[in-house]
Amino acid sequence: MRLSYLFTIAVIATGVIYMKIRPNRNVRNNNPLNIRESADWVGERSVNLDKEFEEFQSPEFGFRAAYIILLRYLERGDNSIAAIIAKWAPSSENHTDDYIAYIADKMGLSPVDQLLPSDLPLLMVHMANYEGAKGAYTYDQALAGRNLAHNETFVLARIDRITGGYA
């Protein structure tokens, strides 16, 4: 009886420790901005274990997907921190006002300042941290994701439409 009790305590303690050191979902999934399952993305893992969120082969592919989505927002006129975050993290699911304030503070901008495609890598790093990464991703990884996206002609066309050809 005593051995069974000790075994149970050990199992519970191991679980508690694992939950404390286990990386956040966006890190485990190489999905820095917690993109929900939605499309067939370049760089997705072949085995899908998380039925709710996308899983990528590397963080760079996760940043690539996020960059493409954020470019779509800019193209549609959602080009401020406030507009982007309100769309990305609606108040029905998140503390959107806190998220906007966090991003604006980290970027040193007003929530209503207009962003350009060149601002997106820094925005993505700060969004990843707010989404739970807590420093797990670097600006260089976000740039690498952007560069992967720039290999696509549809992405370059979108940037030209956003910037009027002055990218």
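## Overall fold

The protein chain has 8 helices and 0 strands, and its order along the sequence reads α-α-α-α-α-α-α-α. Please keep in mind that this is a predicted model.

Of the 167 residues in the protein chain, 40% are buried. The chain exposes about 9500 Å², with carbon and sulfur atoms supplying 55% of that area. Looking at contacts between residues at least 6 apart in sequence, 57% join residues at least 24 apart.

After the helix comes Gly-108, with a positive phi near 65°.

## Salt bridges across the chain

The structure holds 9 salt bridges. One of them joins the side chains of Arg-36 and Glu-93, at 3.4 Å from N to O. Arg-36 sits in the loop between helix 2 (25-28) and helix 3 (59-75), while Glu-93 sits in the loop between helix 4 and helix 5, so this pair ties together parts that are 57 residues apart in sequence. Arg-36 itself is partly exposed, with a relative accessible area of 38%.

Another salt bridge brings together the side chains of Arg-64 and Glu-152, at 3.2 Å from N to O. Here, too, distant parts of the chain are linked: Arg-64 belongs to helix 3 and Glu-152 to the loop between helix 7 (139-149) and helix 8 (153-163), 88 residues apart. Are the two partners buried or partly exposed? Arg-64 counts as buried, at 4% relative accessibility, whereas Glu-152 is partly exposed, with a relative accessible area of 24%.

## A further pair and a network

Lys-87 forms a salt bridge with Asp-78, and their closest N and O atoms are 3.8 Å apart. Lys-87 counts as partly exposed, at 40% relative accessibility. There is also a network: salt bridges that share partners join Arg-25, Arg-36, Asp-50, Glu-52 and Glu-93.

Glu-55 is placed in the loop between helix 2 and helix 3. With a relative accessible area of 4%, Glu-55 is buried, since the cut-off for buried is under 20%.

Which backbone atoms does the side chain of Glu-55 reach? A polar atom of this side chain lies 2.8 Å from the backbone nitrogen of Leu-49, and the side chain also reaches the backbone nitrogen of Asp-50 at 2.9 Å. Leaving aside residues up to four places away in sequence, Glu-55 touches Asn-29, Glu-44, Arg-45, Val-47, Asn-48, Leu-49 and Asp-50. Asp-50 is also a member of the salt-bridge network that includes Arg-36 and Glu-93.

Notes. Residues are numbered from 1 along each chain as its sequence is written. This is a predicted model: local features need pLDDT of at least 70, side-chain atom pairs count only at pLDDT 80 or more; totals for chains, interfaces and linings use all residues. Side-chain values use heavy atoms; hydrogens and water are left out. Helices (H or I, at least four residues) and strands (E, at least two) are DSSP runs, numbered from the N terminus. Buried means under 20% relative accessible area, exposed over 50%, partly exposed in between (1.4 Å probe, protein chains only). Contact means heavy atoms within 4.5 Å. Accessible areas come from the Shrake-Rupley method with a 1.4 Å probe; for residues, only the protein chains shown count as cover. A salt bridge is a side-chain nitrogen of Lys or Arg within 4 Å of a carboxyl oxygen of Asp or Glu. A polar contact is a pair of N or O atoms within 3.5 Å; within protein, one must be able to donate a hydrogen and the other to accept it, and residues adjacent in sequence count only if both atoms are side-chain atoms.
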